[in-house]
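Please read it alongside the sequence and the coordinates.

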Amino acid sequence: MPKITIAVDKDDGFAFGEISPALVIGFGIRFTWMFSMQFSANRLFFATATAETSSISQIASLGFFLTTFFVYVVFFPQMCRIFDTPDHRNRNRLIAALATVLGGFLLFGCTTASLLGWSCIIASGFLTGVGSAVLLMSYGVSFSVLETPTISLGVAFSLPVASLAYLAISVIGSISPAFSAIVAVLIPLAEFFCLQSCSRQLVDRLSFASYTISVQKASFALHIIAPSFLFGLAVGGIRHYVLIGTIWLPTSEVTNAVVLMAACLMAGLLVLGAAILQHSTVNYMFRTLLPVSATCLAVALFDNQYASLFNSGLQLTGYLLIEGCCWMFYADISQRYRISAFQTFGLGRGALALGILVHALFSSPADISIITAEMASQNLVAVLTWLCIGFALLPTNKEMLKLLKRGTPCPALTFDEDFLFATTTSNAPADYNGPECSPATVETSPDDSASAKDNKPAAMAASPVSQETTTSVAAEELCVSDEAPTKSSPAVAIVQDRTSVPDEEGRRQQGRFRRQCEIVADRYLLSRREAEVLFLLAKGRNAAFIQEKLFISEGTARTHMRHIYAKLNVHSQKELMDLVEQEQTEA
């Protein structure tokens, strides 16, 4: 699929970067599948069954869904080995897509009147829950390698795609309900091809895709699970009364789709607007959107005509903003601090699903005949309460930094709530407890690089790289580029010399150069994208090569280069290459 570049002229050279159409389309139809299989299951599959049947099916699917995400976290090393190569990832996605499709078809046989029906419900819940969780995690991995503005742009564009696809299914359903159900069931197969394409563009070509920083597990889990669970309760409340109960929506199916389309467009525009206006604040664009979501729900609360189209659109907009904000929250944390997407999305999406499940289990079935405006208003008050508490529990940038295990951090980095930057002094922050960092490693010039190397303190020379953040030698072979490097840099000379040494020695040198880049990225807390750019800059690559290699725009490539130079406190590519070369690693 072609590249799509969206740039915004700003004084700081801000640009969204390259967008993968496959990722946008795939993530959009993932929303469509959710709308169809969960919110419209009564219409598509349970025309002759009771409301209890569809409720049990959805609860079973949700239970297996959240369990799968927590399995990613608990068995993190094993899951990494299962998804270690592009072939393995494609195989697992295909299995997940086929399982989800099979689980969808089993919904046609679900009925509480027989043992076969109950078997279909449990089997369908298992297949759709596990399969959709694996597919959704693949989206998380792809989103986690993007820049924060590009993450928001992908979410913003996927919402209109979702509404258009759902409108198409609704129109088909007005003609042939059975055929529309079959189309909805087959959506995961289309997702498989989209994920295969976007993974090839965004993930498979990266050298540091598997390089992550370990965290203090208990504290990290608490900071992610607590707000996510409360957001899940809020989402569950909206789903129960607005979507599953259908009390707020008109009776016409096509009208429902039109209302949903309007809500998706509004939510997408709000996300896009926040991305443009708040791009310079790393402590996250979703923090602006969550109060906007609460405002939409509050306005709906005071609308006397609670069953009106306006009220329906407001609550759907609030719901979509919460879903989108949570997704940007997990993706931004994963890419900014290089925390594994398996851990971040596993904890986050799992806790979100747990909150939805808890609300579903402790809520009475949504029956239009008994629900009153007062009951619906009480539900909205509860949703707003959970949303506000969850917002207050979101981790700040400073809290996230304290959760990272980074070997030997450099205290020359100054941290605040909105950005982290390098200074020309070696004074550590007030709460810094790590070893000191020599000014020679912060300010390096071509003339004094040799003396800086000789005078490097032992604490820095012995900078540890844990097994959790070091990849295998096989993965390190990806570091060799097929382009001829320049001859002006000692760091690039390392790459050149690899062609004249035995394979064993060449692999050892490749691994050493890679670990040098890892140590620098770790010490100066470069984001996932910045680590990739650092690696290419250290090999002598220019902005044009980086743009093509990483599937980003030229403006984004130069923005990353500027941020890297600021964090490392260097002023040229030559100084950066010298700094990387000075790092001492184990042979």
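The chain has an accessible surface of about 22,800 Å², and carbon and sulfur atoms account for 63% of that surface; accessible areas come from the Shrake-Rupley method with a 1.4 Å probe, and for residues only the protein chains shown count as cover. This is a predicted model, in which local features need pLDDT of at least 70 and side-chain atom pairs count only at pLDDT 80 or more, while totals for chains, interfaces and linings use all residues. Residues are numbered from 1 along each chain as its sequence is written, and side-chain values use heavy atoms, with hydrogens and water left out.

**Overall make-up**

The chain contains 26 helices and six strands, where helices (H or I, at least four residues) and strands (E, at least two) are DSSP runs numbered from the N terminus. Of its 587 residues, 56% are buried; buried means under 20% relative accessible area, exposed over 50%, and partly exposed in between (1.4 Å probe, protein chains only). Among contacts with a separation of 6 or more, 79% join residues 24 or more positions apart, a contact being heavy atoms within 4.5 Å.

**Nonpolar cores**

In soluble globular proteins, nonpolar side chains tend to be buried together. A nonpolar core is here a set of buried Ala, Val, Leu, Ile, Met, Phe, Trp, Tyr and Cys residues joined through side-chain atoms within 4.5 Å. The largest core holds 127 residues, and the members that touch the most others are Phe35, Phe143, Phe220, Leu534, Leu568 and Leu576. Helix α13 (residues 309-337) is the greatest contributor to this core, with 15 residues. Apart from it lies another core, of ten residues, including Trp33, Val101, Val185 and Ile187.

When neighbours within four places in sequence are set aside, Phe143 is in contact with Leu23, Phe27, Ile151, Gly154, Val155, Trp327 and Ala331. Gly140, which lies in helix α6, has 0% relative accessibility and therefore counts as buried. Not counting residues up to four places away in sequence, Gly140 touches Trp327, Ala341 and Phe345; although Gly140 and Phe345 are 205 residues apart along the chain, their C-alpha atoms are separated by 6.6 Å.

**Helix α8**

In helix α8 (residues 177-185), the buried residues are Ser180, Ala181, Ala184 and Val185. Seen down the axis of α8, these residues fall within an arc of 140°, so they line one face of the helix; the arc is that of the directions from the helix axis to the C-beta atoms.

**Salt bridges**

The structure holds eight salt bridges, each defined as a side-chain nitrogen of Lys or Arg within 4 Å of a carboxyl oxygen of Asp or Glu. Three of them are listed below.

| Pair | N to O distance | Burial |
|---|---|---|
| Glu147 and Arg529 | 3.1 Å | both buried |
| Arg349 and Glu323 | 3.4 Å | both buried |
| Glu518 and Arg514 | 3.2 Å | both buried |

The side chains of Glu147 and Arg529 meet in a salt bridge. Glu147 lies in the loop between α6 and α7 (148-175) and Arg529 in helix α23 (residues 528-538), so this pair ties together parts that are 382 residues apart in sequence. Arg349 forms a salt bridge with Glu323, and this pair links helix α14 (residues 341-361), which holds Arg349, with helix α13, which holds Glu323, across 26 residues. Glu518 and Arg514, by contrast, both lie in helix α22 (residues 503-523), four residues apart, or about one turn of the helix.
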